[in-house]
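I set out to look up how two copies of a chain are arranged and what lines their interface.

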Number of protein chains: 4
Amino acid sequence: MARPKSEDKRRAILAAATQVVAEAGLGAPTARIAKLAGVAEGTLFTYFETKDDLLNALYLDIKDQMREALMSTYPSKGSVQKRLKHIWQQYVTWGAAHPHARRALAQLDVSGRLTPKTKAAGALGFGEFDVLLRESTANGTLRGHSPAFVTAILTALAETTMEFMIREPGHAERYSTSGFEALWGAVGAKNK
Amino acid sequence: MARPKSEDKRRAILAAATQVVAEAGLGAPTARIAKLAGVAEGTLFTYFETKDDLLNALYLDIKDQMREALMSTYPSKGSVQKRLKHIWQQYVTWGAAHPHARRALAQLDVSGRLTPKTKAAGALGFGEFDVLLRESTANGTLRGHSPAFVTAILTALAETTMEFMIREPGHAERYSTSGFEALWGAVGAKNK
Amino acid sequence: MARPKSEDKRRAILAAATQVVAEAGLGAPTARIAKLAGVAEGTLFTYFETKDDLLNALYLDIKDQMREALMSTYPSKGSVQKRLKHIWQQYVTWGAAHPHARRALAQLDVSGRLTPKTKAAGALGFGEFDVLLRESTANGTLRGHSPAFVTAILTALAETTMEFMIREPGHAERYSTSGFEALWGAVGAKNK
Amino acid sequence: MARPKSEDKRRAILAAATQVVAEAGLGAPTARIAKLAGVAEGTLFTYFETKDDLLNALYLDIKDQMREALMSTYPSKGSVQKRLKHIWQQYVTWGAAHPHARRALAQLDVSGRLTPKTKAAGALGFGEFDVLLRESTANGTLRGHSPAFVTAILTALAETTMEFMIREPGHAERYSTSGFEALWGAVGAKNK
DNA sequence: AATGAATGAGAATTCATTCAT
DNA sequence: AATGAATGAATTCTCATTCAT
C-alpha cells in the first residue's frame with residue numbers, strides 16, 4: 001500500500017482548526033488552517049472532503065475531549081451533589097484550560113453549520129451522567145426539571161463561570177466554587 | 001444640500017441585517033441585507049461605512065430594543081425578588097418574541113467582531129437595574145457575588161430558558177417560571 | 001440610475017470568449033477571457049452568471065451572426081438550386097472569414113455543456129431556408145431525405161469545405177465551387 | 001527486475017479513457033479514468049507520462065480500431081463504387097456500434113491537444129483505400145477532387161449518417177443507404 | 001443621497017503529477 | 001511496478017467596497 005493516511009496529520013489539522021476558528025471565526029480560510037497544521041492546502045481536503053465536514057468533525061472532536069475530561073474519573077457512587085460537583089469541577093477546569101476549544105465550540109454551536117446528526121452525536125455518550133440526571137430529576141433531588149433543561153442550565157452556568165475564571169485567573173478557584181453554589185441553588189432540591 | 005439620510009432606511013437596514021444575520025450568520029453578504037432592506041447595495045455603505053460598523057451598530061440596536069423591553073416598565077419599588085422577577089419576565093418574553101434578534105445577538109456575541117467600546121456600550125444603561133444589583137449584592141440579598149457575575153448568570157439562564165420556550169411554545173409559561181426559580185435559587189440570599 | 005450595463009462590454013466579453021475558446025478550448029480560464037475583453041475578472045460574472053451561461057450565450061451569439069450572414073440577403077425567389085447555392089456561398093464565405101467563431105462553435109457543439117434549450121434556440125430561425133427544405137424534400141427536388149438530414153449534410157459538407165478553404169486560401173474559390181457541386185450531387189434530385 | 005508493464009492495464013486505461021472522455025469531455029480528471037480502469041491514480045502515469053500523452057495515445061488507439069474495422073475485410077477487387085461502399089458500410093456500422101469511441105474521437109479532433117505527429121499518424125495506414133482514392137481521383141472516377149478532400153467528405157458524411165443512425169436506431173439501415181447515395185452523388189463521377 | 005456596475009483580492013476546491021511506501 | 005497520499009498552482013465564483021451616473 002502507498003503511504004497510509006496519517007492520524008498525526010488529521011490531528012494536526014483539527015488542532016489548527018480549533019485555534020484558527022477560535023481566533024478568527026468560522027470564516028477563517030482553510031488555507032490558514034492548513035498552514036498552521038503544517039500541511040499543504042490540498043491535503044486538508046484529503047482528510048476532510050469539505051470545510052463543513054471539517055467543522056462537523058471539529059465539533060465532535062472537541063466534544064470528545066470534553067467528554068473524556070468530564071467522565072473519565074467520574075465517581076459512580078456518592079450523593080447527587082457530590083457527583084454533580086465532580087462534573088462541574090472537571091468541566092470548568094477543562095474549559096478554563098482550553099479556551100480555544102471552548103471558543104471554537106461556542107462558534108460552532110450557534111453557526112448553523114452542524115448537521116442534526118453531528119449535534120445528536122455530540123450530545124450523546126455522557127453515560128453515567130445521563131443516568132444521574134434522569135434519576136435525580138425524576139425523584140426530585142434536582143427539582144422537577146427535565147434532564148435536558150438541567151443540562152442546559154449546567155452548561156450555561158459553567159460557561160459563564162469559565163468566562164470569569166479566564167478573565168480573572170487569580171480568582172478562578174473562587175469563581176468555580178461560587179458557580180457551583182449557584183448551580184446547586186438553581187437545580188438542587190429546594191431546601192426546606 | 002442634497003437629501004438628508006433617512007432614518008427609515010437606517011432602520012430598514014438594521015431590521016434586514018437582524019434577519020439575515022440570524023438566518024445566515026455573519027458571513028451573510030451585505031448585498032443580501034441591502035436587498036431585503038429595499039435599498040441599493042451601495043446605499044448600505046452611506047449609512048454604515050463598513051460591514052463591521054453595521055455589525056456593531058446592529059449589536060447596539062438590538063441591545064437597545066432589549067433594554068427598552070426590560071426597563072420601560074421597571075418598578076422602582078418593591079422587593080428585590082419582585083423587581084428581579086419583573087426584569088426576568090420582560091426579558092424572556094421579549095426574547096421569545098424576537099427569535100431573530102436573539103439569534104443575531106448570539107452570533108455577534110461570539111464573533112470577535114465587536115469592538116470593546118461596543119461591548120461596553122451594550123452592557124451599559126440598564127440604569128435602575130444596575131442600582132438594584134449593586135445594592136443587593138452589597139447587602140447580601142443577592143449572595144455575595146459581584147454584580148457582573150450576577151448579570152452574567154441572569155443572562156445565561158434567561159438565554160437557556162428562552163431556548164426552551166421557543167422550542168416548546170406550549171410550555172413557555174412553565175419554563176419561564178422554572179427559569180426564574182432557578183435564577184432565584186442561584187443568586188438569591190441563601191434561605192436559612 | 002447608476003451606470004447601466006454596457007452592451008459594449010457584453011460584446012467585448014463574447015468576442016474575447018470566441019477567440020480564447022477557439023484557441024484554448026472550453027477549459028480556457030474565465031480570467032483569460034476577461035483580460036482579453038479588457039474587463040475585471042469579476043465583471044465577467046455581472047454579465048454572465050456562470051461560465052456555462054457564458055458558453056451558452058456564446059453559442060447563441062455565434063449562431064446569430066451566422067444566421068445574419070446566411071439569411072440577410074436570402075433570395076425568396078429562384079430555383080431550389082439557386083437558393084441553396086446562395087446559402088452555401090454565404091455560409092462558407094462567412095465561415096472562412098471567421099475561423100475563431102467556427103472553431104469555437106465546433107468545440108461548443110461537442111462539449112455537452114449546452115442546454116437543450118440553447119441547442120433548440122440555436123437551430124431555430126433560419127426561416128425561409130426551412131421552408132425551402134421542407135418543400136423541396138417533400139416534392140422530391142431534394143431527394144427523399146428528411147429536412148434534418150439534408151441540413152446535417154449541408155453543414156457537414158460546408159464545414160469540410162471551409163476547412164480546406166482556410167487551409168489553402170489560394171484555392172478557396174475552387175473549394176467552394178467543388179463543395180457545392182458535391183452537395184448538389186449528394187442531395188439534389190437524381191439526374192436522369 | 002520488477003514486474004513488467006501489463007498490456008492489460010494499458011488497454012483498461014485506454015478503454016476507460018474512451019468512456020470517460022466521451023461522457024465528460026477532455027476536462028475529465030485522470031483520477032476518474034484510473035478508477036474506471038481499476039488501477040491506482042499513480043499507475044496511469046507509469047503507462048502514459050502525461051495526460052496529453054494519454055490523449056494522443058487514445059486518439060491513435062481509436063483510429064486503429066476504426067482502421068481495423070474498415071480495412072480488415074477490404075476487397076481488393078471490384079468497382080470503385082463497390083469498394084467505396086464496403087468502406088462506408090464498415091465505417092458506419094462500426095461507428096454506430098461504438099458511440100463512446102466516436103464521441104471521444106470528435107472531442108479529440110477539435111481539442112487542439114493532438115500533436116501534428118499524432119494527427120498524421122492517425123490519418124495514415126488506410127493502405128489500399130488510399131490507393132483506391134489516389135487512382136480514382138486521378139482518373140476521374142471520383143471527379144477531380146483531391147484524395148484528401150474526398151476523404152474529408154467521406155468522413156463528414158459518415159459522421160452525419162452515424163449521428164442519425166444512433167439517434168433513430170430503427171432506421172439505421174435506411175440512413176446507411178441514404179448516406180452512401182449522398183456520398184456517391186457527391187463524389188462519384190458526374191453522370192452524363 | 002441613491003443607484004448598481006465595476007473591481008480585484010480572496011475563498012473553497014480540483015487536479016495533474018510526484019513520491020514515499 | 002503499484003499504490004494512493006501529498007502537493008500547490010490554477011480555477012470558478014463571491015463579496016466588501018468604490019465610483020460613475
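The entries below take the pair of chains and then the single residue.

I worked from a predicted model, in which local features need pLDDT of at least 70, side-chain atom pairs count only at pLDDT 80 or more, and totals for chains, interfaces and linings use all residues. Residues are numbered from 1 along each chain as its sequence is written, chains are lettered from A in the order in which they are written, and side-chain values use heavy atoms, without hydrogens and water.

**Chains A and B.** I found that chain B superposes on chain A by a rotation of 179° with 0.2 Å of shift along the axis, at RMSD 0.3 Å (least squares on C-alpha atoms of residues with pLDDT of at least 70 in both). The two copies are thus related as by a two-fold rotation axis.

**Their interface.** I noted 26 residues of chain B in contact with 27 residues of chain A (heavy atoms within 4.5 Å). Because 100% of the interface residues of chain B are also interface residues in chain A, the copies meet through the same surface. The most comes from α9(B), with nine residues.

**C:Arg67.** I located C:Arg67 in helix α4 (residues 51-71) of chain C. C:Arg67 is buried, at a relative accessible area of 14% (buried means under 20%, with a 1.4 Å probe and protein chains only).

Technical notes
Helices (H or I, at least four residues) and strands (E, at least two) are DSSP runs, numbered from the N terminus. Buried means under 20% relative accessible area, exposed over 50%, partly exposed in between (1.4 Å probe, protein chains only).
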